[in-house]
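Subject: Structure for your files

Hello,

Here is the structure I said I would pass on. My notes on what turned up in it follow below.

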Amino acid sequence: KKHQINFNKNKKLISLFTTSFGGTLAVNSFNSHVKFLLFAIEIVKKYADTKIIFKSKSDFELYKINEKTKELAKKLLSFKNLEVVDRLVFNTPIYRASEVVISMAFCSTGMEAMCLGAKSFYVDPINTYKSSYFDNFEKLVSHSNEEALESLEYWMKLDHKNISLKYKKIFETMGIEKVNNASEIIRNRIIE
């Protein structure tokens, strides 16, 4: 785990963020995390020339010691284009450097990245949150790893002018006037 990240401006970057792993406060199930780790492995394989940052809300060590995730964590760590960063690293520089930010449904990192103008979408790997509020917006939520790989292609091709227009519509619909309220907005929409 790294506490500081060295960004290479000549190399594309995709960042992956998870929700808490295990415990009573976890919004995504154990199986959801397993599927997200499998998705991460697909990303690092498919985008071998791209730097991938993986940041877990919980300590990554939990994946390494859990019986059902330790082999996936070990495989993930074997890729040279992957960097696991410490959960205490500040997110904003990661968002700004990323070509695309991919977050597990529905951690605040997805909305925070959008509020900073970064390309961002959610992955709901086992279709737990089908028909969520965020499904009202095109390509904002993927409900399987296969769909997420397709969404990643979509987001990577989207230019920044189209991103601004897309986000403007999303923010207006959500009632966001000040973009620093991401966590509060997400909590309110999930409760709805």
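Helix 5 (residues 108–115) lies across strand 1 (13–17), strand 4 and strand 5, and runs at about 165° to strand 5. Helix 6 (residues 145–157) also packs on the sheet, where it touches strand 1, strand 4, strand 5 and strand 6. The direction of helix 6 makes about 180° with that of strand 5. Please keep in mind that this is a predicted model.

The sheet itself is open and has 6 strands in the order 3-2-1-4-5-6, with parallel pairing. Strand 3 (82–85) and strand 6 (141–142) stand at its edges; each has a single partner strand, so one side of each is left without a neighbour in the sheet.

Strand 4 (residues 100–104) and strand 5 (residues 120–123) run parallel and are joined by 4 bridges. Within that pairing, methionine 104 has valine 123 of strand 5 as its bridge partner. In a regular strand, side chains alternate between the two faces of the sheet. For strand 5 both faces are covered: Ser120 and Tyr122 on one side are buried, as are Phe121 and Val123 on the other.

For the chain as a whole, the secondary structure comes to 8 helices and 6 strands. Along the sequence the pattern reads β-α-β-α-α-β-α-β-α-β-β-α-α-α. Of the 192 residues, 51% are buried. Taking contacts between residues at least 6 apart in sequence, 66% join residues at least 24 apart.

The loop between strand 5 and strand 6 holds several residues that I looked at one by one. Aspartate 135 is in this loop. Leaving out residues up to four places away in sequence, aspartate 135 touches Tyr129, Lys130, Val141 and His143. The C-alpha atoms of aspartate 135 and tyrosine 122 are 10.0 Å apart, and the two residues are separated by 13 residues in sequence.

Serine 131 sits in the loop between strand 5 and strand 6. Although not a glycine, serine 131 has a positive phi of about 65°, and at 66% relative accessibility it counts as exposed. Lysine 139 lies in the loop between strand 5 and strand 6 as well. The phi of lysine 139 is near 60°, again a positive value in a residue other than glycine; its relative accessibility of 29% makes it partly exposed.

Most residues other than glycine have a negative phi, and most peptide bonds are trans. Phenylalanine 106 is found in the loop between strand 4 and helix 5.

How many cavities of 30 Å³ or more does a search of the whole structure find? The search finds 1, and the largest cavity has a volume of about 40 Å³. Its lining consists of 10 residues, and Ser56, Ser58, Phe60, Val85 and Arg87 are the ones that lie nearest its centre. By type, the lining residues divide into 4 nonpolar, 2 polar and 4 charged.

Regards

How values were computed: Residues numbered from 1 in each chain as written. Predicted model: local features only at pLDDT ≥ 70, side-chain atom pairs only at ≥ 80, totals over all residues. Heavy atoms only, no water. 1 Å grid on protein atoms, 1.4 Å probe; cavity = no way out; pocket = protein on both sides within 12 Å on 5 of 7 lines; lining within 4 Å. Points joined across faces, edges and corners; volume = space filled by probe spheres on them. Nonpolar A, V, L, I, M, F, W, Y, C, P; charged D, E, K, R; others polar. Pairing = 2+ DSSP bridges. Helix = DSSP H or I, 4+ residues; strand = E, 2+ residues; numbered from the N terminus. Contact = heavy atoms within 4.5 Å. Axes fitted to C-alpha atoms, helices over the stretch in contact; angles between N-to-C directions. Buried < 20%, exposed > 50% of the residue type's maximum accessible area, 1.4 Å probe, protein only.
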